[in-house]
Amino acid sequence: MKRLTKEELRIGALLYPEKSYWRPASRGECANVSRPCPYVSCKYHLYIDVNPRTGSIKINFPDLEVWELQNSCALDVAQQGGITLEEVGEILNLTRERIRQVEVRGLMKLKEAGGDELMSYLITS
């Protein structure tokens, strides 16, 4: 895979400037947008993942088009709440075991960030 040089990126930006268009900046603004969400570049969109370090793109559902997704926003899935690991895995196109691993890692990060207070709050909620 060939990476573009800084000069090539600069020339590309001059040839194809980014067009400005409205897109939601907060959850409140996107809550009433039509579904499936048309803003694939949003970090909460489930269709693609962009690695912030390398800029590489991973298409999570190569066999589907964006408009064929039942759930297109991770925030919508989180708002549903109380779903099983299998259901989350189906939505994210991952296995139940991988979802469990992500859950454990997320809880560890929360514990490190907020200490025992946050963990006890999450367990009692």
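**View 1. The largest nonpolar core of this predicted model has 8 residues**. L46, Y47, I48, F61, V66, L69, V77 and I91 make up the core. Such a core is a set of buried Ala, Val, Leu, Ile, Met, Phe, Trp, Tyr and Cys residues joined through side-chain atoms within 4.5 Å. Buried means under 20% relative accessible area, exposed over 50%, partly exposed in between (1.4 Å probe, protein chains only). L69 is in contact (heavy atoms within 4.5 Å) with P36, H45, Y47, F61 and L64, leaving aside neighbours within four places in sequence. This is a predicted model: local features need pLDDT of at least 70, side-chain atom pairs count only at pLDDT 80 or more, and totals for chains, interfaces and linings use all residues. Residues are numbered from 1 along each chain as its sequence is written, and side-chain values use heavy atoms, with hydrogens and water left out.

**View 2. D76 forms a salt bridge with R35**. A salt bridge is a side-chain nitrogen of Lys or Arg within 4 Å of a carboxyl oxygen of Asp or Glu. Here the closest N and O atoms are 2.5 Å apart. The pair links distant parts of the chain, 41 residues apart: D76 sits in helix α3 (residues 74-80), R35 in the loop between α2 (27-30) and β1 (48-50). Helices (H or I, at least four residues) and strands (E, at least two) are DSSP runs, numbered from the N terminus. D76 is buried at 18% relative accessibility; R35 is partly exposed at 33%. R27, R35 and D76 form a salt-bridge network.

**View 3. R96 forms a salt bridge with E86**. Their closest N and O atoms are 2.9 Å apart.
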